[in-house]
Amino acid sequence: MKFLNSKKVVPYIFVSPFIISFLILTVYPAIRGIIMSFQSVLPGQVEFIGWQNYERVFNPTFYKALTNTSIYVVLTVVILTILPIIFAVLLDSKVVKLKTLFRASLFMPTLASTIVAGMIFRLMFGETDTAAANQILNWLGMGSVDWRFHAWSGMFLMVMLCVWRWLGVNILYFLAALQNVPDELYEAADIDGASIFQKFWYVTLPFLKPVTIFVVTISIINGFRMFEESFVFWEAGSPGNIGLTVVGYIYQQGIQQNDMGFGAAIGVILMLIIFVISFIQLVLTGAFKRGDE
């Protein structure tokens with residue numbers, strides 16, 4: 001008991017559940033996936049084939065999936081960073097009433113299943129003239145749109161579903177960060193005659209930088225690993241691969257076509273892409289600098 005109560009041992013006991021779960025659920029599957037990417041995996045037969053799976057990865061379908069995913073990442077990162085900041089500043093101002101109600105309601109979409117929400121979106125943005133979105137377009141004098149059969153509208157649906165689900169959470173992140181901005185700085189800015197935009201740019205934004213880096217980072221990672229938003233609109237494959245993502249390509253090759261080794265190779269490439277882009281983003285934003293630098 002003295003050993004377990006030791007100050008040197010107790011911290012490791014408390015963090016051991018995380019370490020064990022991380023090793024079992026993250027590190028081990030990653031290692032197994034890397035090993036599998038060098039294998040030909042068939043029922044009852046596993047054979048090492050070297051780099052053959054990686055030689056097959058870089059094909060037109062993969063480039064199409066990577067292009068779709070990259071566009072999706074850029075759009076969601078921009079929207080889910082700029083809009084939450086604007087809404088958070090508005091909700092933190094004295095103009096808006098019932099702030100507690102708004103903050104509680106913003107978190108509700110996150111609790112909904114992506115598949116369930118996606119089915120509702122499919123009904124709203126259906127191809128028929130009676131769908132809600134097409135009714136609005138017809139009322140405005142525009143024609144109906146086949147939402148799931150065009151590249152631009154398909155991307156619009158995926159981005160809209162993602163923004164609907166995660167916008168409120170990011171707003172809460174920025175609202176929490178705004179509570180740390182000292183009121184004295186705003187008072188000093190008012191004395192100096194600063195405008196609303198100047199106070200926002202020179203006082204508010206610098207204090208939001210750590211949260212902004214966090215939101216951008218998780219948005220990049222979640223964007224590249226996106227699957228549900230695509231699957232809910234095109235279960236069996238989209239026309240011309242307009243909705244195909246990298247993770248969707250992994251599912252298509254690894255699960256549907258039972259080519260697990262090739263799917264694992266695509267997954268390893270995706271993991272490297274996410275790591276490199278996230279690392280570059282963190283370096284450019286100065287996340288690795290010390291606070292006194």
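The questions below move from the whole chain to single residues.

Me: What kind of model is this, and what does the chain contain?
Reply: The model is predicted. The protein chain holds 13 helices and two strands. Its C-alpha atoms fill a box of roughly 75 × 75 × 35 Å along the principal axes. Of its 293 residues, 38% are buried.

Me: What share of the contacts between residues at least 6 apart in sequence join residues at least 24 apart?
Reply: In the protein chain, that share is 66%.

Me: Why is F48 called exposed?
Reply: The relative accessible area of F48 is 60%. Exposed means over 50%. F48 therefore counts as exposed.

Me: Where is F48, and what is it in contact with?
Reply: F48 belongs to strand β2, residues 45–48. Neighbours within four places in sequence aside, F48 is in contact with I35, F38 and Q39. G261 is 213 residues from F48 in sequence, with a C-alpha to C-alpha distance of 9.5 Å.

Me: What makes F58 and F62 an edge-to-face pair?
Reply: Two values decide it. The ring centres of F58 and F62 are 5.7 Å apart, and the planes are at 85 degrees. Rings pair if their centres lie within 6.5 Å, and planes over 60 degrees apart count as edge-to-face. The whole structure has 21 aromatic pairs.

Me: Which residues are linked into a cluster by ring pairs?
Reply: The cluster consists of F121, F125, W147, W152, F156 and W164.

Me: How do you know that the charged end of R56 sits over the ring of F262?
Reply: The charged end of R56 is 4.2 Å from the ring centre of F262. The distance limit is 6 Å, and the charge must also be within 35 degrees of the ring normal. The distance is within its limit, and the contact is listed as a charge over the ring.

Me: How do you know that the span of helix α8 agrees with its length?
Reply: Helix α8 has 28 residues, 151–178.

Me: Where is the kink in α8 centred?
Reply: The kink in α8 is centred on W166 and is about 40 degrees.

Me: Why is S153 called buried?
Reply: S153, in helix α8, has 0% relative accessibility. The cut-off is under 20%, so S153 is buried.

Me: What does S153 touch?
Reply: Leaving out neighbours within four places in sequence, S153 is in contact with V145, D146, W147 and R148. The S153 side chain reaches the backbone oxygen of W147 at 2.6 Å. The limit for a polar contact is 3.5 Å.

Me: Why is Q253 called buried?
Reply: Q253 sits in helix α12, residues 246–256. Its relative accessible area is 9%. That is under 20%, so Q253 is buried.

Me: What joins the side chains of Q253 and Q252?
Reply: A polar contact of 3.2 Å joins them. Further along the chain, Q253 is in contact with N258, D259, F262 and I266.

Me: Which elements do the buried residues of α12 pack against?
Reply: They pack against α3 (60–92), α10 (196–224) and α13. The buried residues of α12 include V246, Y249 and G254.

Me: What makes the phi of N258 worth a mention?
Reply: Phi of N258 is positive, near 55 degrees, and N258 is not a glycine. N258 follows α12, in the loop between α12 and α13 (260–284). Its relative accessible area is 38%, between 20% and 50%, so N258 is partly exposed.

Me: Where is N241, and why is it called partly exposed?
Reply: N241 lies in the loop between α11 (228–231) and α12. Its relative accessible area is 25%, between 20% and 50%, so N241 counts as partly exposed. N241 is not a glycine, but its phi is positive, about 55 degrees.

Terms used. Residues numbered from 1 in each chain as written. Predicted model: local features only at pLDDT ≥ 70, side-chain atom pairs only at ≥ 80, totals over all residues. Heavy atoms only, no water. Helix = DSSP H or I, 4+ residues; strand = E, 2+ residues; numbered from the N terminus. Buried < 20%, exposed > 50% of the residue type's maximum accessible area, 1.4 Å probe, protein only. Contact = heavy atoms within 4.5 Å. Phe/Tyr/Trp six-rings, centres within 6.5 Å; stacked < 30°, edge-to-face > 60°. Polar contact = N/O pair within 3.5 Å; in protein donor to acceptor, adjacent residues only side chain to side chain. Expected span 1.5 Å × (residues − 1). Bend = angle between axes of the 7 residues up to and from the residue.
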